[in-house]
Amino acid sequence: MSELGPITCMGCGLLCDDVTVETSGDDVRLRPECRLGARWFAERTRLTGKPPATINGEPAEVGAALARAAELLRSARRPAVSGFEGATVEDARAAVALADRIGALVSHGSLDGPWAGAPAVPLRGSSTATLGEIRDRSRVVVIWREDPERTHPRLLGRLGFGGPGERTLVVVDERETATAARAGLRLTWSRERDLVALSALHALQRGLTIRLDELASELSGLLERLATVHHVTFVYGAGLTAGPGGQRRALALHELVRSLCQERHAVTLELPAAPGTRSADDVLAWQTGYAGSVDFASGHPELVMATEPLDEFDVTLRVESGGSGGGLVAGPDAEVWIRTAAAGVSAEGTAHRLDGVPLALQAPQADSAPTAAALLARLLERVQG
Ligand code: SF4
């Protein structure tokens, strides 16, 4: 058995930086125990056995794959750069530079499927806090339609649950989840009623009289809890913001939090879709002035505020995308794939935790494969050349 670490785990956006990895053959365990983190490490280690690149599924040299990817991007009518699930800050910076050069749209969200609408946070801002502030100050944490016990297994512990000090966990979810099982207060209306519930909470909090149906007792129970504390946190994610109307619901949550701030400190903590999402978002914000989806098609960065799905992209470059097992993928049908060294396992780098705190990633199992940042820089040279 070998022991690696301590390292920063990139198994989810929590980026726990106190992790030791124990490996014995194919068996991987993490200390402190986390099955999601162990799965991440094992999966990323297995990528080292793959060829350095493929073109149309056939093994290829990295140089030839880069040349084909550059050709595809140069001839693209409407290119997009997406993915970033396992990306570092360095990868995202290189991707934004390339997108700027080729006039692409950059997005860490899904470019097909149901469209959630114009983005709430870049347009209206949000009240946020670090994990440490929430742990030390929040006495009520409301988890809105998320199951961090499954997706971010150490989150509740990092927020102080199970430790000293009294705090109440409120869970809004009609599903029986592992997180709901730990709740001190459960609110079980269906997802379709979230916008009504948030708007009603906002109105009640402002002292307005409104007509309410069966939601009334659940909402007043929550408001009573909130009235007794000086600091409250709302944890949310794709359960609230994804799908049609998702960003309208997010806007309603942030409006409620803003209103609650008049009498107490109220903050939000967004659970990112993937470990690299926050890094990509922050890089976009630094380099373009906007987070979310940013379009370079006009020659300068523009925040994508579309309320409807975007038009078709003929060439997509996916950067460290979970579905493709990491790497760089280019082409309309994933024609080119180039293996990258997995950040946090075989490549060092920097990543931003879900609350925006930057952390160093280590390379306990160094690999000769290039990082996505290095490949993107080479791709930019070829596209320019
Ligand atoms: S909670 Fe997330 S970051 Fe922390 S050890 Fe588990 S998978 Fe890794």
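This is a predicted model: local features need pLDDT of at least 70, side-chain atom pairs count only at pLDDT 80 or more; totals for chains, interfaces and linings use all residues.
The ligand is surrounded by Cys9, Gly11, Cys12, Leu14, Leu15, Cys16, Cys34, Leu36, Gly37, Pro153 and Arg154. Sorted by class, this shell comprises 8 nonpolar, 2 polar and 1 charged residues, and the space that the ligand takes up is the largest cavity. Two members of the shell, Leu36 and Gly37, are also listed among the buried residues of helix α1.

Helix α1 covers residues 35-46, and its 12 residues should span 16 Å at 1.5 Å a residue, a value with which the 17 Å between its end C-alpha atoms agrees. The buried residues of α1 are Leu36, Gly37, Ala38, Trp40, Phe41, Ala42 and Arg44, and they pack against the strands β1 (2-7), β2 (19-24) and β3 (27-31) as well as against helix α6 (148-151). The bond from Gly5 to Pro6 is cis, with omega near 5°, and Pro6 belongs to strand β1. The bond from Arg31 to Pro32 is likewise cis, with omega near -10°, and Pro32 is placed in the loop between β3 and α1.

Val345 is located in the loop between β17 (336-338) and β18, and, because its relative accessibility is 2%, it counts as buried. When neighbours within four places in sequence are left aside, Val345 is in contact with Trp40, Phe41, Arg44 and Thr45, and also with Gln362, Ala363, Pro364, Gln365 and Ala366. Among these partners, Trp40, Phe41 and Arg44 are buried residues of α1. Gln362 lies 17 residues from Val345 along the chain, and the C-alpha atoms of the two residues are separated by 6.7 Å.

In helix α3, the 14 residues should span 20 Å at 1.5 Å a residue, and the end C-alpha atoms are 20 Å apart, in agreement with that expectation. The buried residues of α3 are Val89, Asp91, Ala92, Ala94, Ala95, Val96, Leu98, Ala99 and Ile102. The helix is followed by Gly103, for which phi is positive, near 70°.

Helix α12, formed by residues 277-288, has 12 residues that should span 16 Å at 1.5 Å a residue, and the separation of its end C-alpha atoms, 16 Å, agrees. Within α12, Thr277, Ser279, Ala280, Asp281, Asp282, Val283, Leu284 and Thr288 are buried, and the elements covering these buried residues include helix α3 (89-102) together with the strands β7 (105-106), β13 (294-295) and β18 (349-352). Just after α12, Gly289 adopts a positive phi of about 90°.

Two further residues were examined in strands. Thr168 is placed in strand β9, which comprises residues 168-172, and its relative accessibility of 18% means that Thr168 counts as buried, since the cut-off is under 20%. Apart from neighbours within four places in sequence, Thr168 is in contact with Arg139, Val140, Val141, Phe161 and Arg225. His265, by contrast, is found in strand β12, comprising residues 265-270, and counts as partly exposed because its relative accessibility is 31%. With neighbours within four places again excluded, the contacts of His265 are Glu133, Arg137, His230, His231 and Val232. His254 is 11 residues from His265 along the chain, and the C-alpha atoms of these two histidines are 13 Å apart.

Asn56 has a positive phi of about 50° although it is not a glycine, and it lies in the loop between β4 (53-55) and β5 (58-60). At 57% relative accessibility, Asn56 counts as exposed. Arg145, which is likewise not a glycine, has a positive phi of about 55°, and its place is in the loop between β8 (140-144) and α6. In terms of accessibility, however, Arg145 counts as buried, because the relative value is 4%.

Note on methods. Residues are numbered from 1 along each chain as its sequence is written. Side-chain values use heavy atoms; hydrogens and water are left out. A residue is near a molecule or strand if one of its heavy atoms lies within 4 Å of it. On a 1 Å grid over the protein atoms alone, a cavity is a set of points where a 1.4 Å probe fits but cannot get out, and a pocket is an open set with protein on both sides within 12 Å along at least five of seven lines; lining residues have an atom within 4 Å of a point. A molecule sits in a cavity or pocket if more than half of its atoms lie within 2 Å of its grid points. Ala, Val, Leu, Ile, Met, Phe, Trp, Tyr, Cys and Pro count as nonpolar, Asp, Glu, Lys and Arg as charged, and the others, Gly among them, as polar. Helices (H or I, at least four residues) and strands (E, at least two) are DSSP runs, numbered from the N terminus. The expected span of a helix is 1.5 Å times one less than its number of residues. Buried means under 20% relative accessible area, exposed over 50%, partly exposed in between (1.4 Å probe, protein chains only). Contact means heavy atoms within 4.5 Å.
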